[in-house]
Amino acid sequence: MSQVDEMVEKYLHTSNPFKRVLYVFLGFLFTIFAIVGIFIPGWPTVSWAVPAAFLFSLSSERLFRWSLTNRFFGSAILEYYSTGKTIPKHSKYFISLFISLMSIISAIVVFQLGDPGYGSATILFVGILGIIYVSFVVKSRAN
């Protein structure tokens, strides 16, 4: 049994027909966003491909297999699934750093544009929630 077959067997769950159509639609939308990330520097690729693969795992075996084997980001998705849906610990640090930087920059820009502080405070609050989520909810591995 190949590694792809093992991941499909472990993570594929089918849904009712309405949910299946919804999940396929959202999976395609996220896949389009991931493909855009291949060509536009700074736009994430795998960050969109992971939820697309998850949605395909809930709706279509064929599309889930494709998300694990495509030449653009399939190897990253397969590694993510084969390691038990974890990311390297050093990636968590970089993700938290980027969330911090972008939240601070966004809050400053919004404040400079005339916001009395509510928008900036909301941006900072959501950024802190993101860092907490990445730090404590997302599973990590040593390498």
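Trp 43 is partly exposed in this predicted model, because its relative accessible area is 34%, a value between the limits for buried (under 20% relative accessible area) and exposed (over 50%), as computed with a 1.4 Å probe on protein chains only. Trp 48 likewise counts as partly exposed, at 23% relative accessibility. Trp 43 and Trp 48 form a stacked aromatic pair, with 6.3 Å centre to centre and 15° between the planes. Rings of Phe, Tyr and Trp (its six-membered ring) are taken to pair if their centres lie within 6.5 Å; planes under 30 degrees apart count as stacked, over 60 as edge-to-face and the rest as tilted.

The model is a prediction in which local features need pLDDT of at least 70 and side-chain atom pairs count only at pLDDT 80 or more, whereas totals for chains, interfaces and linings use all residues. Residues are numbered from 1 along each chain as its sequence is written, and side-chain values use heavy atoms, with hydrogens and water left out.

Across the whole structure, a search finds 9 aromatic pairs. Among them, Phe 30 and Trp 48 are arranged edge-to-face, at 5.4 Å centre to centre and 65° between the planes. This pair links distant parts of the chain, 18 residues apart, with Phe 30 in helix H2 and Trp 48 in helix H3 (residues 46-57). Helices are DSSP runs (H or I) of at least four residues, numbered from the N terminus. Elsewhere, ring pairs join Tyr 11, Phe 64, Tyr 80 and Tyr 81 into a cluster.

Helix H2 (residues 17-39) also contains Val 21. Val 21 counts as exposed because its relative accessibility is 58%. The C-alpha atoms of Val 21 and Ser 60 are 9.5 Å apart in space, although the two residues are 39 apart in sequence.

Helix H7 (residues 118-136) has 19 residues and should span 27 Å at 1.5 Å a residue, which agrees with the 27 Å between its end C-alpha atoms; the expected span is 1.5 Å times one less than the number of residues. In H7, Ser 120, Gly 127, Gly 130 and Val 134 are buried. Viewed down the axis of H7, the buried residues fall within an arc of 85° and therefore line one face of the helix, the arc being that of the directions from the helix axis to the C-beta atoms. These buried residues pack against helix H6 (89-112), contact meaning heavy atoms within 4.5 Å. On the other side of H7, Tyr 118, Phe 125 and Phe 136 are exposed.

Key: Helices (H or I, at least four residues) and strands (E, at least two) are DSSP runs, numbered from the N terminus.
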